[in-house]
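Me: I would like to learn how to read a few features of a protein model. Please give the general idea each time, and then the case at hand.

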Amino acid sequence: MKSQLNLFIVAFVVVVTTNAQSKLLDSIVTIHNNYVFDTTEDLFEQIDVDQLNRYDQSVFYYEKARCIINTTGDLKSSYPLLLEAKKLVPEDSLMLRFDINDELIYSNLSAAMNPIAPRELKKENLEIARLSGDPFHKLLWNNYDLSELLNNKDSIPKAISRLNESLGLAQQIGSESYENNVKANIALAYSDLEKIDSALYYFNQVLPYYEGKQDSVRLIGTYINLGTLHKEENNYILSIDYYKKALKISESSTLNENLSLIKRNLAEAYFLTGDSAKSAYHYNDYAQLNDSLASLRNMQTLAEFQTKYETAEKEIIIAQKEAANERMQKTSIFLGGLAVVLGLLGLGFYYSQKKKRIIAEQAESIEKQRADTLLKNQQLISIDAMISGQEQERQKVAQELHDDLGSTMTTIRLYFDNIKQNQSNATPSMFERTSDLLEEAYEKIRNMSHLKNQGIIASKGLIPAVESLANQITKSKRLNVEVIHYGLDKALDNSFELKIFRIIQELLNNVVKHADATNCFINLTSYDNQLNIMIEDDGKGFHYVPKPNSDGIGLYSIEQRINHMEGTFQVDSAIGRGTTINIDVPL
């Protein structure tokens, strides 16, 4: 009976111990999956590997290797642990096998240290990716031979094909980080092939992501690459701008390779622009940085030799002490009682459960706060959208009345003034034209009320619409309007044309009402995906001062519309010398 009780107590202790060890290991895995590695080193010391099953033993050695790699970078210490994990991992544990193989491939130091050929590991992981159907595994496998492919110019097209496949996989798993890193590698590949347009396209795609993440390392690299590509295209000003952005980030850390490289590139770019003074300034900085870096490397080499010598001596002393301590520890452990072991295990289990409960409560509280914040934000967005929609609708109606109908009514007024001043010479055609304009104004009001007004743009296009407007004003004999256009052979987006037409219509209306001009010229030019509009008159001119606080619908309103279209608006006018308005908007 007594022997059976003892066996029960031993079995109970083993079960409790195993469960506690497995839960502690699960905690380590959770922490590592959140990319935190500097807090788990002590936790490994609390685990007795012999108490774990074969699968958990494999996980233990794999996670310990990950901890070393991500804290000290000591591959010599981590590699044997990965080999042990590889030996213990069960055949049917596909995910764990893939992860262990993945670390072994990247931790491979030499053929002497690596009894498993990397080629065999890659082949095994390809088969696991096929069996699991996991796109993330396929994505990782795609990256294995990329460095080899990219280092050989003949195989770069194959690397680009592999990268495009990886891009699709990254988008499939929804990883924005992987997606942008793949795009950056595609840009580098196209850069090596001297396909500058393609390289610029992909670098410009990843730049907003790295800027949003404030990823200094990748930002510096992207800025340097963009600067170099623009330099190769002889766009030295833009090249210098990107180098300066990289320099601004790099200057926060002194004596680094990036700073030296940027200074050299800036010196070359300024030299190519003909600015020899700035070129000499940056080249002098580059030379000084190179000297400093060489001195620093020499000092580091001497320090490493000194450290190795001191470490060797210390290791001998430590080994002697450890041997004596080990003998004493074995004696102490042997004399320890079962009651003490059970007490410690119980206490450890209690604190482990308590800690988990606190963590769970904190997580629940954080999740509740996040949900409340999200709900409030959604409510605010809905209210803002409703108010914004109402305000835009009001502004649209006011703008239509002012721009379209206002211009027509101004022309009608010109005709009436002309008839009034020349009653004796008034011809039937003048009355007919005035009647036509009144009919046109009526139609505009009618169309506006049915929300169907797309103006003359919908039926004719921008240039015919502007020419028609110019002809109407010229026929009034109060102002001669001439339209000159170049490069606008293709039809533009209808909404874009309508916006441009309304702006020209309003500016012409201002010339008729306020300028006292005889002639007006409208120039429309398309170049480099830009539309330039220049409206000149020989009127009395004025002193233009923008009024940001004005609620009117004048020049400031037009300027705001141009700004909204990401364009520029300039007014050049003075008393007695007419007015020139220059507008640039992207197509």
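Reply: A crossing is left-handed if the near helix is turned anticlockwise from the far one by less than a right angle, and right-handed if clockwise. Helices here are DSSP runs of H or I with at least four residues, strands are runs of E with at least two, and both are numbered from the N terminus. This is a predicted model, in which local features need pLDDT of at least 70 and side-chain atom pairs count only at pLDDT 80 or more, while totals for chains, interfaces and linings use all residues. Residues are numbered from 1 along each chain as its sequence is written, and side-chain values use heavy atoms, with hydrogens and water left out. In this model, α5 passes α6 in a left-handed crossing.

Me: At roughly what angle do the axes of helix α5 and helix α6 cross?

Reply: Two packed helices are described by the angle between their axes and the distance between the axes. Axes are lines fitted to C-alpha atoms, for helices over the stretch in contact, and angles run from 0 to 180 degrees between N-to-C directions. The axes of α5 (residues 94–107) and α6 (residues 118–132) cross at roughly 150 degrees and come within 10 Å. The two helices are therefore roughly antiparallel (over 145 degrees; under 35 is roughly parallel, 65 to 115 roughly perpendicular, the rest oblique).

Me: Which residues of α5 and α6 meet?

Reply: Contact means heavy atoms within 4.5 Å. On the α5 side, the residues include L94, F98 and I105, and on the α6 side they include L121, I128 and A129.

Me: Is S260 buried or exposed?

Reply: Buried means under 20% relative accessible area, exposed over 50%, and partly exposed in between, with a 1.4 Å probe and protein chains only. S260, in helix α14, has a relative accessible area of 4%, so S260 is buried. Its C-alpha atom is 7.9 Å from that of D285, 25 residues apart along the chain. E179, in helix α10 (residues 176–192), is buried because its relative accessible area is 18%.

Me: How many residues does the largest nonpolar core have?

Reply: A nonpolar core is a set of buried Ala, Val, Leu, Ile, Met, Phe, Trp, Tyr and Cys residues joined through side-chain atoms within 4.5 Å. The largest one has 39 residues, and I186, I262 and L266 have the most contacts inside it. Helix α11 gives the most to this core, with nine residues.
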